[in-house]
Amino acid sequence: MKYYSTNKNTPEVSLKEAVVKGLAADNGLFMPERIGKFEPEFFETIDQLSFQEIAFEVALRFFGEDVEHEHLKEIVYDTLQFDCPVVKVTDKIYSLELFHGPTLAFKDVGARFMARLLNYFLEKKEQLVNVLVATSGDTGSAVANGFLGVEGIHVHVLYPKGKVSKIQEAQFTTLGQNITALEVEGTFDDCQHLVKTAFLDKELNEKVILTSANSINVARFLPQAFYYFNAYARLKESGVLEGKELVVSVPSGNFGNLTAGLIAAEMGLPVKQFIAANNANDVVFEYLETGKYNPRPSVETIANAMDVGAPSNFARILDLYDHSHQLISEKIKGFRYSDETIRKVLLEVYHETSYLCDPHGACGYQSLVEYLGGDQLGVFLETAHPAKFTETVEDVIGKGKVELPDKLAAFMKGEKQSIKLNKHYEDFRNYLLE
Ligand SMILES: *Cc1c(COP(=O)(O)O)cnc(C)c1O
């Protein structure tokens, strides 16, 4: 299958090229030329399949032409070594918990899949591939853990010294093996600038193979469709979908997760309505309301993984629906929440149902409370474990109430290893050449 650029100013490329390059030559985002559909019958018996079996069926429709099926199956099964369960919160609202992976956030699924697919494509190569990733916290940990131990690939995580939480830092500085953490004397923007400069450095790129594991990569983005199908299957299995329409709410920042859901629906998944739940960073909300798209600098909120002022995957949403504002505003309903509301909702849900949301999930939950009609059932994506935001969450529900899961505690016990770098490009360049 070919992949085209959303900017349509460059020739289509193979899956391998799309995965290795990440971004198209005209700075557009890659999209699959076709979206494989399921027959309606598939959904009548989908509840008899396991998560891995469902994910493999979905993966076949994206990658089946380009990856040997046995290999693809291995990649899918190896990626999904943890569950994404659907948990009841109220009679009408369920939480799709995407935090059971190694770093307790949904990005684990895409990062693990991409690492394995990249490894498949590079298998016969003799030269080491360097993955560069700049992080303000969560992306670095998902990518580092996703690629941990994958042969032929070395991951370099650049992060701003003193500006990520201790838990986040432990998740990518204690791993060793093929993961190196670079502690940069500067801000997140400085880190990102170093990475971008390296990609544009022609001479450097002749000497070393560099690639990115950015969330715009098709190999990170498309596999996120897996858990939407599984959520449907598990709800059907439990009988609660009987006579009900399904509404899915996605806490959104760069809109990759939501776009994967929209693609799942294009493949036939019976979702009546998608909701984009935002924090105060509301450019897409505004677009849905007015038809005007005005990207702007992000503002800081307590749901900080959604602090995005120019969502990269918005280009994919426009492309998917031929830039039709009418169609897009039908397909996606927008909700936005202030920090004050997020805090209030977190506390209310906790008191009324004893379910503890993280600040991102709380936005999804509240949008369902406001949107759902009589014969509808809602699922919100719980995108991270509340313990990843302990400070904020305990500030709301009380000190000492958020339990640190064993997985996170284990990271905290590891020994921190990092290489210190200043923010000057020459030093980063020399490091890469060593
Ligand atoms: C990355 C992230 C988001 C935003 O997801 P997008 O795909 O960028 O919209 C939401 N919540 C958490 C916890 C995240 O880490």
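Reader: What share of the residues in the protein is buried, and what makes a residue count as buried?
Author: In this predicted model, buried residues account for 57% of the 434 residues. A residue is called buried because its relative accessible area is under 20%.

Reader: How many helices and strands does the secondary structure of the protein comprise?
Author: The protein has 20 helices and 13 strands.

Reader: Why is the protein called as compact as a globular protein of its length?
Author: The globule rule gives 22 Å for 434 residues, and the radius of gyration of the protein is 21 Å; the two values are close, so the protein is as compact as a globular protein of that length. Along the principal axes, its C-alpha atoms fill a box of roughly 65 × 50 × 40 Å.

Reader: What makes strand β9 largely enclosed by the rest of the structure?
Author: Strand β9 covers residues 245-251, and six of its seven residues are buried, so the strand is largely enclosed.

Reader: How do you know that β9 and β12 pair, and in which sense?
Author: Pairing requires at least two bridges, and β9 and strand β12 (residues 376-382) have five, in the parallel sense; the two strands therefore count as paired. Within this pair, V247 stands opposite G378.

Reader: Which residue stands opposite P251 in β10?
Author: That residue is A277. Strand β10 (residues 273-278) pairs with β9 in the parallel sense, over five bridges.

Technical notes: Residues numbered from 1 in each chain as written. Predicted model: local features only at pLDDT ≥ 70, side-chain atom pairs only at ≥ 80, totals over all residues. Heavy atoms only, no water. Helix = DSSP H or I, 4+ residues; strand = E, 2+ residues; numbered from the N terminus. Rg over C-alpha atoms; globule rule 2.2 N^0.38 Å. Buried < 20%, exposed > 50% of the residue type's maximum accessible area, 1.4 Å probe, protein only.
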